[in-house]
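Let's walk through this fold together, from the sheet and its helices to the packing and the charged pairs. Have the viewer open as you read.

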Amino acid sequence: MNTKELLKKVRKIEIKTRRLSDHIFGGEYHSTFKGRGMTFSEVRQYQFGDDVRAIDWNVTARYNEPFVKVFEEERELTMMLMVDVSGSELFGTSNQFKKEVITEISATLAFSAMQNNDKVGLILFSNEVELFIPPKKGKSHVLRIIRELLEFEPKSYETNISEALKFLRNVMKKKAIVFVLSDFIAEDYDNTLRIAGNKHDVTGIRVYDEKEEYIPNLGMIQVQDSETGAIQLVNTSSKRVRHEYWKYHLERVDYFNDAFAKSGSGVISCRVDESYVKKLLGYFKRRG
C-alpha cells in the first residue's frame, strides 16, 4: 500500500468512526467508564450536612471557622487496545475481513477516548507482541494508531493471547480500560486473563465470520490453516465432519465466555456481517 492509498484509507476510517464516536459513543463511553479516583480540588466553608471527616483542620484553625476539603472525580483515564494481528484475522466470507471490522471498532473506541481527553495505547500481537505504542493523547496519536492497524505486517501468523496479556501486565502499572480484539480461536489464556482482570477493566471483543460457525456441504475441498499454512483435504459432505467443525467452534466460544466471566471481565461477540455499532452501544448501555 503506497502512502497516498494509506492516507486515503485512514481518512475514510476517520470520517466513518469519528462520526460514530462524536454522535453516539462519546457520551456512552463517558458514563460507562467514569474516573477511577478522587482528587483534591479546593476548600470551602463548612455547610450544614457536610461530612465532618472532610474538615481541613489547618485552614479551620487559621480562619477560626470550619472549612472542608472538596474533592472531584479524577476523569482522565487510559485506554489500551490489544489487537490480534494473526493470520486468522484475514478471513471473511461477507463483504469484510475480520481485520477490517476490528480496525473500525478500534478506531471508534480510540476516538471516543480522545473525545473524553483520555490517553490511548496500542498492543498488536500474534504469538508474540509485534508492536507497542505507549498511551498518549491527541488526534495525531489516534491517527497513527489507525495507520498501524491498517498497514502493519506481522512477523508471525500464529496466536498467543496469554503472551500479550503478560506483556500488558509488565507495561501498564496503573489501572487501564483494556479492549482485547480477536476472533479468540485460541486457548490457555484464562489464568493470565484473571490476573489482568484483577488490575484492569477488561473487555473481550470477539469478531467472527459466520462460516466459522458451520461449514457448508461443498463436497471434497482443500482448506488451508491461515496461521500454520498447513493444507489438507476435507470431506464437507460428511455429517460427522461438519458436526466436528461446529463442535470445535462451540468449544472455543464457551471457553472465551467462561474465561472472561471468571476474570470479572466483559464480553462482546460480533459477527462480521452484523452491526458493531449496535453491539457496542448495547454493551455500554448495560454497563452504564
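Start with helix α7, residues 239-262, which lies across strands β7 and β10 and runs at about 165° to β7. Helices here are DSSP runs of H or I with at least four residues, strands are runs of E with at least two, and both are numbered from the N terminus. The angles come from axes fitted to C-alpha atoms, for helices over the stretch in contact, and run from 0 to 180 degrees between N-to-C directions. Helix α8 (residues 276-287) also packs on the sheet, where it touches β6 (177-182), β7 and β10. Its direction makes about 160° with that of β10. Contact, by the way, means heavy atoms within 4.5 Å.

A quick word on the source: this is a predicted model, in which local features need pLDDT of at least 70 and side-chain atom pairs count only at pLDDT 80 or more, while totals for chains, interfaces and linings use all residues. Residues are numbered from 1 along each chain as its sequence is written, and side-chain values use heavy atoms, with hydrogens and water left out.

Now for the sheet under those helices. Six strands make up an open sheet with mixed pairing, in the order β5-β4-β3-β6-β7-β10. Two strands count as paired if DSSP finds at least two bridges between them. At the edges stand β5 (129-136) and β10 (266-271); each has a single partner strand, so one side of each has no neighbour in the sheet. On average, neighbouring strands are turned by 15° against each other, direction ignored. Strand β7 (residues 201-208) runs parallel to β10, and six bridges join the two. If you want one to look for, Val207 has Cys270 of β10 as its bridge partner.

What about the packing? The largest nonpolar core has 46 residues, and Leu81, Val83, Ile105, Leu109, Ile146, Phe179 and Ile205 touch the most other members. Such a core is a set of buried Ala, Val, Leu, Ile, Met, Phe, Trp, Tyr and Cys residues joined through side-chain atoms within 4.5 Å. Helix α3 (residues 98-115) gives the most to this core, nine residues. Take Leu109: setting aside neighbours within four places in sequence, Leu109 is in contact with Met79, Leu81, Phe179, Ile205, Leu280 and Phe284. Another core, of 22 residues, lies apart from this one, with Ile123, Phe125, Ala196 and Phe260 among its members.

On to the charges. A salt bridge here is a side-chain nitrogen of Lys or Arg within 4 Å of a carboxyl oxygen of Asp or Glu, and the count by this rule is twelve. In one of them, Lys139 meets Glu14 at 3.0 Å, N to O. Lys139 sits in helix α4 (residues 139-151) and Glu14 in helix α1 (residues 3-32), so the pair ties together parts 125 residues apart in sequence. Glu14 counts as buried at 6% relative accessibility, whereas Lys139, at 38%, is partly exposed. The cut-offs are under 20% relative accessible area for buried and over 50% for exposed, with partly exposed in between (1.4 Å probe, protein chains only).

Within helix α4, Glu148 and Arg144 lie four residues apart, about one turn of the helix. They form a salt bridge with their closest N and O atoms 3.9 Å apart. Glu148 is buried at 17%, while Arg144 is partly exposed at 33%.
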